[in-house]
Amino acid sequence: MAGAQEQGLKLLGAASGVSPYVIRAQMGLGIKGLTYDYLPEDTRCKSDLLLVSNPVHKKLPVLIHGGRPVCESLIILEYLDDAFPENGASILPVDPYRRVVARFWAAYVDSKLFPSCIGILKTGKPQQRADKVEETLSALGLLESALAECSKKGEAEAPFFGGGSLGLLDIALGSYLPWLEAIGHLAGMPPFLDAARTPKLATWAERFRAAEPVRVLLPAADKVEEYISTVLYPKWKAALTALATN
Ligand SMILES: N[C@@H](CCC(=O)N[C@@H](CS)C(=O)NCC(=O)O)C(=O)O
């Protein structure tokens, strides 16, 4: 489905292949049927192109369209909808109220769910860890109710947060699925999403993993576990040591 408009689409992504944010952008590009050049970055040694394209946060992903950079994964998804309205399904709902609801929960997933969940591994203190587990489960409980509400489509329940097809919130939350699995496993806990506590989310997660273009983009949980063990644990340890010595 290549067209003149998509000329020069480049995605600055992570070489690790496990970044939920980069995967979001890839899912959006897949939904829109767009072809692009993938430029893998080593986050320990950022390229000049990344630093010039995202001088504020210096983070991935960055979508470059016709030489102009678009930063932040959720903003990239919105941009793809606006820039390529004729391509594939719409990522954001068309209805203005449903759009803001999707944006609200996508922001909640980033600002509350994921920080709580990764926080479980960042602390060695049992009480702090228990608090983070509680916060994660409570956030998932709220998302379970949000799914029931968002996926209402007439009388029947639609399969995704976005209704009949994957939308912004599906991608925002779904990109973290391998991370939730990996964090739960590393913390020695039962899975966060289970049929008894969050039945709708558990069924949604199965559907999400099987959907195109998710199937080929979502990394296996053990790859994320390896990344946490070999890259993040040492990084957190170094940060704690630096804090203690300053
Ligand atoms: N809010 C950003 C988060 C992006 C983010 O954290 N990207 C990671 C991907 S690995 C990154 O670039 N990390 C490198 C760094 O923090 O220096 C988004 O949604 O795009």
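**Ligand site and salt bridges at a glance**

An oxygen atom of the ligand is 2.5 Å from a side-chain N or O atom of Lys46. Bear in mind that this is a predicted model. The ligand sits in the largest pocket, and a search of the whole structure turns up eight salt bridges.

**Around the ligand**

- Leu60 uses its backbone here: one of its backbone N or O atoms lies 2.8 Å from a nitrogen atom of the ligand.
- Glu72 brings in its side chain, with a polar atom 2.8 Å from a nitrogen atom of the ligand.
- On its own the ligand exposes 510 Å², and the protein buries 78% of that.

**Salt bridges**

- Side chains of opposite charge can pair when their charged atoms come close.
- Arg44 pairs up with Asp42 in a salt bridge, and their closest N and O atoms are 3.2 Å apart.
- Is Arg44 buried or exposed? Arg44 counts as exposed because its relative accessibility is 75%, and exposed means over 50%.
- Another salt bridge joins the side chains of Arg103 and Glu78, at 2.8 Å from N to O.

Conventions. Residues are numbered from 1 along each chain as its sequence is written. This is a predicted model: local features need pLDDT of at least 70, side-chain atom pairs count only at pLDDT 80 or more; totals for chains, interfaces and linings use all residues. Side-chain values use heavy atoms; hydrogens and water are left out. A polar contact is a pair of N or O atoms within 3.5 Å; within protein, one must be able to donate a hydrogen and the other to accept it, and residues adjacent in sequence count only if both atoms are side-chain atoms. Accessible areas come from the Shrake-Rupley method with a 1.4 Å probe; for residues, only the protein chains shown count as cover. On a 1 Å grid over the protein atoms alone, a cavity is a set of points where a 1.4 Å probe fits but cannot get out, and a pocket is an open set with protein on both sides within 12 Å along at least five of seven lines; lining residues have an atom within 4 Å of a point. A molecule sits in a cavity or pocket if more than half of its atoms lie within 2 Å of its grid points. A salt bridge is a side-chain nitrogen of Lys or Arg within 4 Å of a carboxyl oxygen of Asp or Glu. Buried means under 20% relative accessible area, exposed over 50%, partly exposed in between (1.4 Å probe, protein chains only).
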